[in-house]
Amino acid sequence: MTLLSRRRLLATLSLATAGFPLLGFSAVPVPEKGHKALLPPKLKAGDTVGLICPAGAAFSKETVQVTKESLEALGLNVKLGNHVFDRHGYLAGTDQARAEDVNAMFADKSVQGILAIHGGWGCARLLPLLDYKMIQKNPKVLIGYSDITALLVAIYAKTGLVTFHGPVGAATWNQFTVDSFKQVLFEGGATTFQNPVERGDNLTVTKDRITTLTPGTARGRLVGGNLTVLTAIIGSAYLPDWKDKILFLEDTNENVYRVDRMLTQLKLAGVLDQVKGVVFGKCSDCGPGNGGYGSLTLEEVLEQHLQPLHVPAFSGAMIGHITHKFTVPVGAEAEIDATAGTIRLLQGAVV
């Protein structure tokens, strides 16, 4: 065994003995570890946003047109990726074509932001094809959610660039969503994310409620996104160091036992034992499935997995497959208050 090989083996064993399971973590350090996050320039009126389809195919030209008009209403210009209307089965073109659009938008000096039109499936297939060195040299806002989680987390892990879990182009651009989008990406201040409190003519708040799982406050970098997508890339080199992070999660259309299974996977991979706090957003249409409520409830599953961590945790934040959503920066320093159900950025996520 060469000296270099022995050093690599010792480094790998060191990670394992330090509490990092070899499954789910790369022994190669990632740029975000030990470095300040790389903040992209803020958006402003007159900037150009590139539209891409890195996952599912754009079956509707009208959806693309509505996205274009929505961004123009925000004072932005729009540039379509070369492969937006490509189709390869359920994918928006081949892996090479979709990755080419991602790389091209980061390299294009005329483009200040990049927005995925919708999710679906396919972003994880692009991760080995992205030019991370070029992306790191051309920091800009990248926005999306659901399957776009793979791009957001991988680019942050490989480059340190703060990315944004927020609306896709096909989302509902209502006032709540637009206000959060502008506060984070245009104004760039130390935003506090707090659910709306609308009692209406009820005696108490009945919708978008916060559930405190473990009270308290915690600080760390926000990292997370779609639970299904994150667990699908466990074991790859495209995840960050989870130590002292604030993990946020969301999902949709998953039976409760599947949520249980995926949280178990995060536990077994060592992720949950390293984070300083957890925010579970919305799990839309996540019912008990055919078994009915002879099964565990979603609330019971969250309690069983998150309360034993003894870190601040709450559920119900406006993050997920919902019409009114936060724009949450992946990689930004934040403080969560699990009792109040708030996420407070410690500084702006753009410069």
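Two strands count as paired here if DSSP finds at least two bridges between them, and strands themselves are DSSP runs (E, at least two residues), with helices being H or I runs of at least four, all numbered from the N terminus. With that in hand, let's walk through the structure. This is a predicted model, in which local features need pLDDT of at least 70 and side-chain atom pairs count only at pLDDT 80 or more, while totals for chains, interfaces and linings use all residues. Residues are numbered from 1 along each chain as its sequence is written, and side-chain values use heavy atoms, leaving out hydrogens and water.

**The chain as a whole**

You will find nine helices and 14 strands in the chain. Of its 351 residues, 54% are buried, meaning under 20% relative accessible area with a 1.4 Å probe and protein chains only.

**The open sheet**

Six strands make an open sheet of mixed pairing, ordered β2-β1-β3-β4-β5-β12. Its edges are β2 (77–80) and β12 (328–330), each of which pairs on one side only. At the β12 end, β5 (residues 163–165) runs antiparallel to β12 over three bridges, and F164 sits opposite P329 of β12. Helix α5 (residues 149–159) packs on this sheet and touches β4 (141–144), β5 and β12; touching means a contact, with heavy atoms within 4.5 Å. The direction of α5 makes about 150° with that of β5, using axes fitted to C-alpha atoms (for helices over the stretch in contact) and angles from 0 to 180 degrees between N-to-C directions.

**Pairs along the chain**

| Strand pair | Bridges |
|---|---|
| β5 and β12 | three bridges |
| β6 and β14 | three bridges |
| β13 and β14 | four bridges |

Strand β14 (residues 342–345) pairs with β6 (residues 192–194), where T192 faces R344 of β14. Strand β14 also pairs with β13 (residues 333–337), and there D337 has T342 as its bridge partner. β13 and β14 form a hairpin with four residues between them, and G341 in the turn has a positive phi of about 75°.

**The cysteines**

Which cysteines does the disulfide join? The bond links C283 to C286, with an S to S distance of 2.1 Å; a disulfide is a pair of cysteine sulfur atoms within 2.5 Å. The torsion about this S-S bond is about -70°, so the disulfide is left-handed. Both C283 and C286 are buried. C53 is in no disulfide, because the sulfur of C123 lies 10.0 Å from that of C53, too far for a bond. C53 counts as buried at 3% relative accessibility, and C123 is buried at 0%.

Conventions: Buried < 20%, exposed > 50% of the residue type's maximum accessible area, 1.4 Å probe, protein only.
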